Amino acid sequence: MSESLAGKRFLIGYALSPQKINTFMKDSLVIHARDRGVDLIPIDLDKPLIEQGPFDCVIHKLYDTEWRKQLEEFSLQSPTTLIIDPVNAVEKLQNRVSMLEFVNELKIENLESPLQIFVSDDSSESLQDAMTREGLKFPLIAKPLIADGAANSHQMSLILNQNGLTKLNPPIVLQEFVNHGGVIFKVYVAGDHVKCVKRKSLTDISEEKLNTSTSENYQVSNFSAQNKSDHESFAELIEAAEMPPLSFVNEVANRMRDALKLHLFNFDMLRDSRIETRYLIIDVNYFPGYAKMPEFETVLTDFFIDIAHQKRSRESGNSDQIENKNKEVDSNRNNL
């Protein structure tokens, strides 16, 4: 655990939806951060941002045009305030096509993104033709194109056969479903801090089930609930699942952080049941539900203190440069 901050307190303004405040800004986090020298201050969304503060840092998860405009104006007025994270970087994760484009570019051994296609609402190509073109086969996961945190952005369907395609409404993303033993690895990133946890997921789909299923598609949450009885205990299943190598998780997280230019995100990673050294990143989320992560108060506060040190170090460096420049000027005057 990082040390508490000495001297001046570090002021972080937060701009979050009411729902996000309820799930993230827990009393335990606020108190833990306060005890270590960090104050978390709510930003009043009914007042102009430029009239609030001062803040050393602003964290946010709002997507509307008005907020983006206010953030730009505030940055011009308060250029030394850290904005976590830049709006243009966050926007890449709002689109399920662009959010995974970079994964294969990382060129990390044994890491891939699943095959997927985007089908627009004005496409003249049928879903089956698009699947054939890209080599996609059933089963599939159908996901909304936009991932902005809204309830409908999490509505996903498991498609088992041709008939299931007829019930889909583009624009959508069709993603290959990879059997992964019913366990998903959620990797939370907060700056340099990385924590991987195991969570229950969809159970594997056998060829027999795929060929004999009379259902066309399932809501993912419903399918998961129906199949809990397929195992003696989901808790036992998760407990038995081996975690990915820590060095691998850290490498992926660090490379993703640099590629995305983000501080706060998580990603969902699967391990292929057929090839256990093969991992796939299937989703990336900005400013996720950190409160679901063990010891989230400590991890987030450590991150806050890290950025406080970075900001103060940078300001100290700038101050030293100015002081040295002034000394040069004085020296030159004395030599005249």
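**Exercise 1. Find which residues Gly 289 touches, leaving out those up to four places away in sequence, and say whether Gly 289 is buried, partly exposed or exposed.**

*Solution.* Keep in mind as you work that this is a predicted model.

Step 1. With residues up to four places away set aside, Gly 289 touches Lys 20 and Tyr 188.

Step 2. Now place Gly 289 in the fold: the residue lies in the loop that runs between strand S14 (279–286) and helix H12 (296–334).

Step 3. Gly 289 has a relative accessible area of 31%. Buried means under 20% and exposed means over 50%, so a value in between counts as partly exposed. Gly 289 is therefore partly exposed.

Step 4. Check the record. In an unreviewed UniProt entry, the annotation "binding site" covers Gly 289 and Lys 20, along with Lys 61, His 154, Lys 186 and Asn 285.

**Exercise 2. Locate Lys 186 and describe the sheet that its strand belongs to.**

*Solution.* Step 1. Lys 186 sits in strand S10, which spans residues 183–190.

Step 1. Look for S10 in the strand order S5-S14-S13-S10-S11, which describes an open sheet of five strands with mixed pairing. At its edges are strand S5 (111–112) and strand S11 (193–200), each pairing on one side only.

Step 2. Follow the pairing of S10 with S11: it is antiparallel and has eight bridges. One example is Phe 185, whose bridge partner in S11 is Lys 198.

Step 3. Return to Lys 186 and leave aside neighbours within four places in sequence. Its contacts are then Lys 195, Cys 196, Val 197, Arg 199, Phe 267 and Asp 268.

**Exercise 3. Decide whether Lys 311 is buried or exposed, and list its contacts beyond four places in sequence.**

*Solution.* Step 1. Lys 311 is found in helix H12.

Step 1. Its relative accessible area is 5%, so Lys 311 is buried.

Step 2. Apart from neighbours within four places in sequence, Lys 311 is in contact with Phe 10, Asp 56, Thr 80, Thr 81 and Leu 82.

Conventions: Residues numbered from 1 in each chain as written. Predicted model: local features only at pLDDT ≥ 70, side-chain atom pairs only at ≥ 80, totals over all residues. Heavy atoms only, no water. UniProt positions renumbered as here; feature names shortened; annotations may be inferred. Helix = DSSP H or I, 4+ residues; strand = E, 2+ residues; numbered from the N terminus. Contact = heavy atoms within 4.5 Å. Buried < 20%, exposed > 50% of the residue type's maximum accessible area, 1.4 Å probe, protein only. Pairing = 2+ DSSP bridges.
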